[in-house]
Amino acid sequence: MIEVELKNISKTIHKTPILHDINLKFHSGAIYGLKGKNGCGKTMLMRTICGLMIPSAGTVSINGKVLMKDIEFPESIGALIENPAFLPQYTGYKNLCMLASLRSDIDKEAVAEAMRRVQLDPEDKRVYRKYSLGMKQKLGIANAIMGEPDIIVLDEPINALDEASVEQVKKVLVDLRERDHLIIIACHDREELEYLSDEIIEIKDGTVVCKQKEGVA
Amino acid sequence: MRTAKMFWRDMCLGTFRHGARFLIIPLVVVLMTAGFAEYAANLYDAGTIAGSGTAADYYLCVMQGMYIYKFSPDSTFVIPISWFMLHIGLAYLTAYYPCKDYNEYGAIVIPAGGSRIRWWIAKMFWCLMTVFLYYIGIAITCAISACVHGAKLSVDFSVDLLEHLYGDSMNYVSQSDMILISVLLPFAISVLMTEVQMLFSFLFTPVISFAATCGVYILSAYYTCWWLPGSYTMWQRSSYINYEGVKPMSGFVIAVFGLLCVIVCGTLYFQDKDVLD
């Protein structure tokens, strides 16, 4: 059981307020959708949850452990934020294996399984620079879900994906939710967001303006 | 363990992948030792010296730098090009990778590694190991050059040969002192320079940091003083060789103090840094 709590989160960068007094709670076994215009603060909020961005005020806690006080990064998290960046001279599988080895709790079979789940072939000898945009996006999703972390944060996961791939990703996310993972996604496609999310959080100008519960996918 | 894995990743991506840049070493060594080999051979043929030199002599030739420059209207200052190329080659090798890795892959690698400080420490070890490999490269290339020119493969320097080149003071310097001022001290200062350059590349930009490093080396060649670290990389400027030279102990103090500052400043800088693209 995972609980992520954001209390009074604010962030200012170069005197520009990015996030303002955000209070949210997330629980495992649910998919939370973030929606809002470009530049409203969705990505920055996701970065804050991942520990990549340190809030100017407020706290992020995961099961009671406060980020940057008790732990630096969430202990079990996978994230796809903006454009995934991998090493262009290695295959997708090799890229994920290198990252998995840093985390030490993910073996090669888990890497291969994550790739297969998003319809990528771990045996594919093509290097990352030869991947299409959709394949790069899928590799980013595979990186986020490999090892099945407790918290999965995905920023625009279905960008550049064809219809079949979108359906596959949706299946994966629903399956992960059923197995009690906490998933936070941002998506511009209103239909897909409403289909997937148990709760949609609307953000405007760095603040939460609306939270609505949706039907279960 | 994670730090070691990040360090190994840095070695593969930041050093081994750019192995071609180490070619500056044989280029400089060949340029510098060609004239030295001919000079040693002439002295040997004339019976002035007992042997045609050793690998250590070749190394000392490459690492000599320049004599203490004293400004005078009659003498022109000329940067010792080979010495400069060697040290700038090392600076270039370590100039861009840390910033590039942070900007392009930091958002993925740092959380995977679990800690910003762990990432920074891995980078510092990467810097240290790259300098170490660079100096190993210099030593091996000098040894090969010595063999090619018929010199002995020995770590003992030839007093008689070096006396001809650098003066009587070579008679009074022991083997261990020469190792101190030509190997250990230049290595320590090179580590300091590259670590400071790496830190500055984050505080400013890699280009500014690299330019500043070049500037410090040029100033060091012009001015011989204890607070310009470049002089400590030229064993000719040691107080063991020239009474007006820089004291080796000062160099070690600067290296240790400087590295501690880099560790502390880097830790303070990265511990609260947002990992943004």
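Which residue stands opposite Glu202(A) in E10(A)? The residue is Cys210(A), and its setting is described below.

## Basis of the model

This is a predicted model, in which local features need pLDDT of at least 70 and side-chain atom pairs count only at pLDDT 80 or more, while totals for chains, interfaces and linings use all residues. Residues are numbered from 1 along each chain as its sequence is written, chains are lettered from A and ligands numbered from 1 in the order in which they are written, and side-chain values use heavy atoms, with hydrogens and water left out.

Helices (H or I, at least four residues) and strands (E, at least two) are DSSP runs numbered from the N terminus; two strands pair if DSSP finds at least two bridges between them. Strand E9 (residues 199–204) of chain A runs parallel to strand E3 (residues 30–35) of chain A, joined to it by 4 bridges. With strand E10 (residues 207–213) of chain A, E9(A) pairs in the antiparallel sense over 6 bridges.

Glu202(A) takes part in both pairings: it is the bridge partner of Lys35(A) and stands opposite Cys210(A). The hairpin of E9(A) and E10(A) has 2 residues between the strands, and Asp205(A) there takes a positive phi near 50°.

## The open sheet of chain A

An open sheet of 4 strands has the order E2-E1-E4-E5 in chain A, with antiparallel pairing. Its edge strands, E2 (16–27) and E5 (65–66) of chain A, each pair on one side only. Strand E1 (residues 3–13) and strand E4 (residues 57–62) of chain A are joined by 5 bridges, and Ser10(A) stands opposite Ala57(A) in E4(A).

Helix H1 (residues 42–50) of chain A packs on this sheet and touches E1, E2 and E4 of chain A (contact means heavy atoms within 4.5 Å). The direction of H1 makes about 60° with that of E2(A); axes are lines fitted to C-alpha atoms, for helices over the stretch in contact, and angles run from 0 to 180 degrees between N-to-C directions.

## Helices H2 and H3 of chain A

The axes of helix H2 (residues 92–103) and helix H3 (residues 108–117) of chain A come within 10 Å and cross at roughly 130°. The two helices are therefore oblique to each other (angles under 35 degrees count as roughly parallel, over 145 as roughly antiparallel, 65 to 115 as roughly perpendicular and the rest as oblique). On the H2(A) side, the contact is made by Gly92(A), Tyr93(A), Leu96(A), Cys97(A) and Ala100(A); H3(A) contributes Lys108(A), Val111(A), Ala112(A) and Met115(A).
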